[in-house]
Amino acid sequence: MTDTTSNAPVDRARAAELSAIGRFLKATELDTRMLGMVAALLIIWLGLHFLSGGLFLTPRNLWNLSVQTSSVAIMATGMVLVIVMRNIDLSVGSVEGVVGMVMGVAQAEFLIRVVGMQLGNPWLWVIALITGIVVGLAIGALQGFIIAYLDVPAFIVTLGGLLVWRGVAWWITSGRTVAPMDATFQLMGGGPAGSIGSSWSWILGIAACAGVVALLLNGRVQRKRFKFPLRPVWAEFFLGTIACVVILGAVKIANSYPWPAGVVNKYAAANNISVPEGGLFIAHGIAIPVLMAIAVGLVMTFITNRTRFGRYVFAIGGNPEAANLAGINTRWITMKVFMIMGVLAAIAAAISSARLNASTNSLGTLDELLVIAAAVIGGTSLAGGSGTIIGAMLGALLMQSLQSGMVLLGLDTPLQNIVVGLVLVVAVWLDTMYRKRV
């Protein structure tokens, strides 16, 4: 006969521990899936840092990682809406490529040779950027119209778009690389000039912390107003403290990465600044493409959570038939989602081509896989109806971390693709398991 009395204290302690964790999660209202993804990201970072001999978690690599993640994160925010509506967009990488080529040709050739604008004209990059956004919007509208009004499956339309737009990008210049980009346009790619510096980074970080506190206070006021349950004061304080620590920590890392010595010396010579023996330290600060990605994330979060359009998207994804019967114009909403995706692909194209200082035919190649993987890893269900913008952006950071880490480890590109593919499959499997439990 088995004696279970000796296990009783252990079981009670374990139950109390689980109960404490449950109370903590309930009080803070933290998403367990999001916590799991953050934990996975931290584990990957620590593992890559160890395997790379201490090279991964350095200010230089983390700063470059943030810049490399920006374009994928921007497109992933749009992919959330696409997948939430039970669709897919396989063409985003090709759209990024063709729009990047259009913007490159516009500023490096057409506006100079045909229109007669001069290099350095302040309108040069503005017109090129607007042209690219309009082209991205038109491509998204075309694909969305075919999907929504001609009832062609999104998989087929965007698979065709993957081939068509990649071919159009090559056809525009017959395979040539277009360079260089306008100097102001290049700022969207990051680098010493494409960053806001130490002082402005701290100012922005402090302003962001103030914004977090204001949001928490406003949320508490609104809950009182509508008689919703309030979070405990300690939970509000905990959430605000964690958010501010993360924000200011990110600013500290960005300000710990200095300009290269050669750039510093040129800057010092041009501004009559004496360089001390140990060298002059000038911090990069937060990169402009990172700020663009954050701005897009905030706007897309507002659209999904605070607008009628966002509610309609999730309603359609949850039950298309019911949404249609409720009077929602599902076709027009679908078309608008793909238009948004086209605009976001254009913004990502601007960042990518500015970072390369060139428009190439390989721009955006396989980015569609990274974008879809980022959205799915971030908690967007392929069954539709659920997903978050912040989750997709964290998913993009995770995917880019894997790629950056594998480059540091010297792994070949085929092996990198194998890892990305396996991660995507595992992410979908975990999503399936989670939905079954719920």
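**Group meeting: a walk through a predicted model**

Okay, let's start with His284, which sits in the loop between α9 (261–270) and α10 (288–306). Before I go on, keep in mind that this is a predicted model. So, is His284 buried or exposed? It's buried, because its relative accessible area is 2%, and the cut-off for buried is under 20%. What does the side chain find in there? One of its polar atoms lies 2.9 Å from the backbone oxygen of Tyr257. If you skip the neighbours within four places in sequence, the contacts of His284 include Trp63, then Gly191, Pro192, Ser195, Ile196 and Gly197.

Next, empty space. Rolling a probe the size of a water molecule over the atoms shows where empty space is left. How many cavities of 30 Å³ or more are there? The count comes to 1, and the largest cavity holds about 40 Å³. Its lining is made up of Asp89, Ser91, Val92, Val95, Gly140, Gln143, Phe338, Met341, Gly342 and Ala345. The elements that give two or more residues to that lining are α4 (92–114), α5 (124–149) and α13 (330–356). Which one gives the most? That's α13, with 4 residues. By type, the lining splits into 5 nonpolar, 4 polar and 1 charged.

Now some backbone geometry to look at on your screens. Most residues other than glycine have a negative phi, and most peptide bonds are trans. Against that background, where are the exceptions? Going from Ala179 to Pro180, the peptide bond is cis, with omega near -5°. Pro180 is in the loop between α6 (154–173) and α7 (197–225).

Then there are two positive phi values. Arg86 is not a glycine, yet its phi is positive, about 70°. You'll find Arg86 in the loop between α3 and α4, and it's partly exposed, with a relative accessible area of 43%. Leu366 isn't a glycine either, and its phi is positive at about 65°. This leucine lies in the loop between α13 and α14 (367–377). Leu366 counts as partly exposed because its relative accessible area is 40%.

Last stop: Met34, in helix α2, residues 32–51. Met34 is buried, with a relative accessible area of 17%. How far apart are Met34 and Leu394 in sequence and in space? In sequence it's 360 residues, while C-alpha to C-alpha it's 8.9 Å. Leaving aside its neighbours within four places in sequence, Met34 is in contact with Thr388, Ile390, Gly391 and Leu394.

Conventions:
Residues numbered from 1 in each chain as written. Predicted model: local features only at pLDDT ≥ 70, side-chain atom pairs only at ≥ 80, totals over all residues. Heavy atoms only, no water. Buried < 20%, exposed > 50% of the residue type's maximum accessible area, 1.4 Å probe, protein only. Polar contact = N/O pair within 3.5 Å; in protein donor to acceptor, adjacent residues only side chain to side chain. Contact = heavy atoms within 4.5 Å. 1 Å grid on protein atoms, 1.4 Å probe; cavity = no way out; pocket = protein on both sides within 12 Å on 5 of 7 lines; lining within 4 Å. Points joined across faces, edges and corners; volume = space filled by probe spheres on them. Nonpolar A, V, L, I, M, F, W, Y, C, P; charged D, E, K, R; others polar.
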